[in-house]
Amino acid sequence: MKIAFIGGGNMASALIGGLVGKGFAPADIRVVEITPEARERLQTRFGVAAYGEMAPAVEGADAVVLAVKPQQLYPVVKELAPLLSSQLVVSIAAGVRASDISRWLGDYPKVARAMPNTPSMVGAGISGLYAMPGLGEGERKQAETILAAVGMTLWLHDESQMDAVTAVSGSGPAYVFYYLQALQEAAQELGFSSAEGRTLALETFVGACKLAADSGEDFALLRAKVTSKGGTTEAAILTKEAAGVRAAIVQGVKAARARSAELAEELGKAE
């Protein structure tokens, strides 16, 4: 599979690095990047061909990955439209619906949308994937192969689910960092240095996530195993429940989903 990336930023670089690391030939990957310094960086780091214009990168490609900022997507898509023949188009631009991209491309049917998250930059991402009805099984496999280069994938049956994926896993790393920050601050208030608090918070999260992943047990059961009746953990959990922490987390995710839907409406108004 020959892949053309439109945009060579952080997420595109993560995908390119993941693909090369999984055995894709650099000669089969091309990148369109307007900044000369960025082109040089991509060529040096990955050995891929980088272009300042779209046409030579897209010609002969099997898949085109749209990896530009959402606000830049419309003019990029309009420039891409006359260059397409039968290529798969995969967008990783947050908040822009596949149906709108298809419409901007003149009702082009071979469009997939993906929502990777920032842990993809260290090969530990999770990406939601949605395919337009015009995509065949082979093209779905191509899209999955591209995103699987940086982590796990989850196919969605309806594009509206992408707003929920954005809210849960797309924005999710920020929730984790938020809790890590609070745990570090708590450690400092209890007498630890900033560095010591960071280590305690971070390694606790890393270990707990590994335990949860390896055991496969329900999160509630894992929590109960640590929470002895009348013990220290119960005191902390009861305090959090009384403060409505869990409910606030759920409400926050719902607010993120609502905002994602609003952004999709706003971004999709381009003509």
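The exercises below, each with a worked solution, concern a predicted model.

**Exercise 1.** Work out how strand β7 (residues 125-131) is placed in the structure, and which strands pair with it.

*Solution.* Begin with burial: six of the seven residues of β7 are buried, so the strand is largely enclosed by the rest of the structure. Next, look at the pairing with strand β6 (residues 111-115), which is antiparallel to β7 over four bridges, and note that Ala112 stands opposite Ala131 in β7. Then turn to strand β8 (residues 151-155), which runs parallel to β7 and is joined to it by five bridges, with Gly125 standing opposite Gly151 in β8. Finally, follow the chain through helix α6 (residues 137-148), which together with β7 and β8 makes a right-handed β-α-β unit.

**Exercise 2.** Which parts of the structure does the salt bridge between Glu139 and Lys110 tie together?

*Solution.* First find the pair, whose closest N and O atoms are 3.1 Å apart. Lastly, compare the accessibilities with the cut-off of 20%, under which a residue is buried: Glu139, at 15%, is buried, while Lys110, at 22%, is partly exposed.

**Exercise 3.** Are Glu159 and Arg113 buried or exposed?

*Solution.* Start from the salt bridge in which their side chains meet (3.1 Å, N to O). Glu159 has a relative accessibility of 11% and therefore counts as buried, and Arg113, at 2%, counts as buried too.

Note on methods. Residues are numbered from 1 along each chain as its sequence is written. This is a predicted model: local features need pLDDT of at least 70, side-chain atom pairs count only at pLDDT 80 or more; totals for chains, interfaces and linings use all residues. Side-chain values use heavy atoms; hydrogens and water are left out. Buried means under 20% relative accessible area, exposed over 50%, partly exposed in between (1.4 Å probe, protein chains only). Helices (H or I, at least four residues) and strands (E, at least two) are DSSP runs, numbered from the N terminus. Two strands pair if DSSP finds at least two bridges between them. A crossover is right-handed if, with the strands pointing away from the viewer, the path from the first strand over the helix to the second runs clockwise. A salt bridge is a side-chain nitrogen of Lys or Arg within 4 Å of a carboxyl oxygen of Asp or Glu.
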